[in-house]
Amino acid sequence: MLEVIRLNSSKHPKPESLEFSYGTAGFRMLAKNLDSVVFRVGLLASLRSKALNGKTIGIMITASHNPPEDNGVKLVDPMGEMLDQNWEVHATALSNCNNVEELCNCLEQIISFFKIDLTTCSKIVIARDSRESGLKLLESTIDGLKSFNTEYQDFGLLTTPQLHYIVRCSNDISFGEASENGYYKKLSNSFNNIFHYENENENGKENSTKICVTIDAANGIGADKIVKLRSYLSEYVQLELVNDKFMEPQLLNVACGADFVKTNQKLPNGINSFNLNTLFCSFDGDADRIVFYYVDSDKVFKLLDGDKIATLFAFFFKKMLAFLELDVSIGIIQTAYANGSSTTYIEDNLQIPVIFTPTGVKHLHHKALDYDVGIYFEANGHGTVLFSQNFIKSVTNYQSNNIEKKRSINILKEIVNLINQTVGDAISDLLAVLVILNFFKFKPSDWDSNYKDLPNKLLKVIVKDRTIFKTTNAERSLVEPKFLQSKIDQLVKSYNKSRSFVRASGTENAVRVYAEAQDPKSCDELADKVSALVQEYS
Ligand SMILES: CC(=O)N[C@H]1[C@@H](OP(=O)(O)O)O[C@H](CO)[C@@H](O)[C@@H]1O
Ligand SMILES: [Mg+2]
C-alpha cells in the first residue's frame with residue numbers, strides 16, 4: 001500500500017516554502033497552493049474512516065466567504081460534526097511533510113498511534129462549493145482516497161451543511177435519506193407541516209398569509225439549492241433570489257453575501273433600498289451562514305445578525321417551554337464577537353444563561369451539547385440549535401387535551417427536524433426563522449425591537465507574525481504580547497459601555513480588532529486606538 005502512496009504522492013509535491021495548518025475551519029488559502037494538502041487530506045480521511053471501523057467520513061472542498069481565488073478543505077466526522085480536535089494535529093503534521101519519506105513515516109506513526117487496521121474498509125462522501133478550482137482539487141483528493149482503496153461517493157456541488165447532513169445519514173439512517181433530495185424532503189416536510197399548524201384556525205381552515213423573503217446567495221452554490229428546494233415548499237412562502245450566478249465563480253462573495261453585509265453593515269449589490277420593511281437575507285459562499293436585514297421606515301439599514309437570530313430562537317423556545325411547562329434546560333452560547341446588548345438582553349430579559357467560547361463553531365457546538373435546548377450562534381450568522389434526547393423524550397411523551405398546547409407540541413416536534421443539528425445551515429436557519437416570524441406574526445421591525453445593538457467595529461491589522469498574539473478567557477484577553485492587554489484596558493476605561501479585544505484570525509493572515517461602545521464616535525475612536533497599538537507589531 002505504501003508503494004501506491006509513494007507513487008501517487010510524487011504527483012502532488014508540497015510547495016517548499018509553505019507551512020500549512022488545520023485552522024478554525026480546516027485548511028484554507030490560495031487554491032493554487034492546496035494540491036498537496038487535499039491529496040493528504042484524502043489519505044487522512046481514509047485513515048479516520050478505518051480508525052472508526054469503516055464509518056463514513058465527509059470531505060468538503062470550500063473556502064466559504066473567502067475570495068474566489070481561495071479554496072479550502074475540511075473533514076466531517078460520522079455524526080455530521082467537525083473533525084475530532086485530536087486529529088487536527090495529525091492533519092497539520094501530514095500536510096507539512098516535505099517529501100515522500102517524511103509522509104510515509106508520518107502515516108505510519110498515525111497508523112500505529114491509533115492502532116489502525118489497514119484491512120478495514122474506508123468510506124468517504126465528498127462535495128465541493130462552486131469555485132473554479134474545486135474540480136481539480138477534487139481529483140487530487142480522490143488520488144489520496146484511491147491510495148488506501150477507499151470507497152467514495154462524489155456528490156458534486158453541495159452546500160457545506162448538505163454534506164454534513166449526508167455524512168450523518170450515511171451513518172445513522174434514522175436521520176434521513178443520504179441524498180440531496182433527502183435533505184429537501186426532510187426540511188420541506190417539517191416546514192410545510194409547521195406552517196399548516198400555525199395557520200390553521202379553530203375551524204380547521206387555513207388563513208393564507210404568505211411570507212416573502214429575498215435571498216442574496218453571494219453568487220454561490222446556495223442559489224442552486226434554493227431553486228431546488230422551492231419546488232418542495234408549499235405556497236406559504238415566496239423565496240426570491242438575487243446574486244444567484246453560481247455558474248460564474250469569479251463573482252463569488254464579490255460585494256455580496258453574509259460576510260460582506262455583516263462587515264460593511266450595508267446592503268449588498270443587487271438589493272435596493274426602496275423596499276421598506278421587507279425582509280432580506282444573505283448567505284455566505286457555502287451557505288452555512290446567514291444574516292437578515294431590512295430598511296426601516298426612515299430608510300435606515302438594519303442588520304439582524306447571528307445574535308439577533310439566536311435571541312429570536314431563544315425568545316421562541318423560552319415562550320414555548322413556559323407555555324407547555326416543560327422542565328428542560330436552555331442555554332445560549334456566544335463568542336466575544338457577540339454584541340454586548342444581545343448578552344444583556346438574554347441574561348436580563350430572557351433570563352437564560354450565556355456561555356462564551358473561543359471563535360469557531362466547533363467550540364460553540366461542543367458547549368451547546370450541555371443543554372436540552374442549546375442555541376449557539378456566532379455574530380456573523382453561523383449557528384444552530386441542538387436538542388438533547390431528554391428534550392425529544394419530553395416532547396414525544398407530552399399529553400394534553402388543550403388545542404393550543406397540542407399545536408405547540410406539534411410545532412416543537414417538527415422544529416427538531418427542521419433545524420439542521422449537525423452544523424449551522426443557512427437554508428435550515430432561514431426556514432426556522434420564517435416559521436418563528438409567522439408564529440408570532442412578527443414583521444422585521446418587531447423582531448428587531450428586542451434590543452438595540454451597541455455600535456461596533458471589526459478591523460483587521462496585518463502584522464509580521466500573528467502567532468505571537470496569545471489569548472485567554474474565551475479569547476477576550478491577551479496574555480501575549482506582554483503589557484498589550486493592560487494598554488487596551490486603559491483605553492476601554494475611557495469610553496462608556498465599551499469593550500474591545502484583539503485576537504489572531506484562524507482563517508486569514510491578520511489580527512482582528514473588535515470594539516464596541518455606547519455611541520458610534522466612541523466606538524470608532526476606540527477601534528482606531530486599539531488598532532494603532534496592534535500596528536506596532538507590523
Ligand atoms: C470574527 C469572525 O467572523 N471570525 C470567523 C472566521 O474566523 P477567524 O478565526 O476569526 O478568522 O472564520 C471562521 C470560519 O468560517 C468563523 O467561524 C469565525 O466566526
Ligand atoms: Mg461558510
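Predicted model: local features only at pLDDT ≥ 70, side-chain atom pairs only at ≥ 80, totals over all residues.
**α7 against α15**

Helix α7 covers residues 180–199 and helix α15 covers residues 426–440. I looked up their packing angle and found about 5°, with the axes 10 Å apart. Angles under 35 degrees count as roughly parallel, so I noted α7 and α15 down as roughly parallel to each other.

Next I wanted to know which residues make this contact. From α7 I listed Leu187, Phe191, Ile194, Phe195 and Glu198. From α15 I listed Ile427, Ser428, Leu431, Val435, Asn438 and Phe439. I then sorted the residues of this contact by type: eight are nonpolar, two polar and one charged.

**Domains**

I went on to the division of the protein chain. Domain 1 is 2–157, domain 2 is 183–304, and domain 4 is 456–535. Domain 3 is written in two pieces, 306–422 and 443–448.

**Domain 2 against domain 3**

How far apart are the centres of domain 2 and domain 3? I got 21 Å, taken over C-alpha atoms. For the contact itself, I noted 21 residues of domain 2 touching 18 residues of domain 3.

Then I checked which elements of domain 2 give two or more residues to that side: they are α7, α9 (258–264), β9 (290–295) and β10 (301–304). Helix α7 turns up again here, with the largest share, eight residues.

Last, I sorted the domain 2 side by type and wrote down ten nonpolar, three polar and eight charged residues.

Conventions: Residues numbered from 1 in each chain as written. Chains lettered and ligands numbered in written order. Axes fitted to C-alpha atoms, helices over the stretch in contact; angles between N-to-C directions. Helix = DSSP H or I, 4+ residues; strand = E, 2+ residues; numbered from the N terminus. Parallel < 35°, antiparallel > 145°, perpendicular 65-115°, else oblique. Contact = placed C-beta atoms within 7 Å. Nonpolar A, V, L, I, M, F, W, Y, C, P; charged D, E, K, R; others polar. Domains from an automatic or database assignment.
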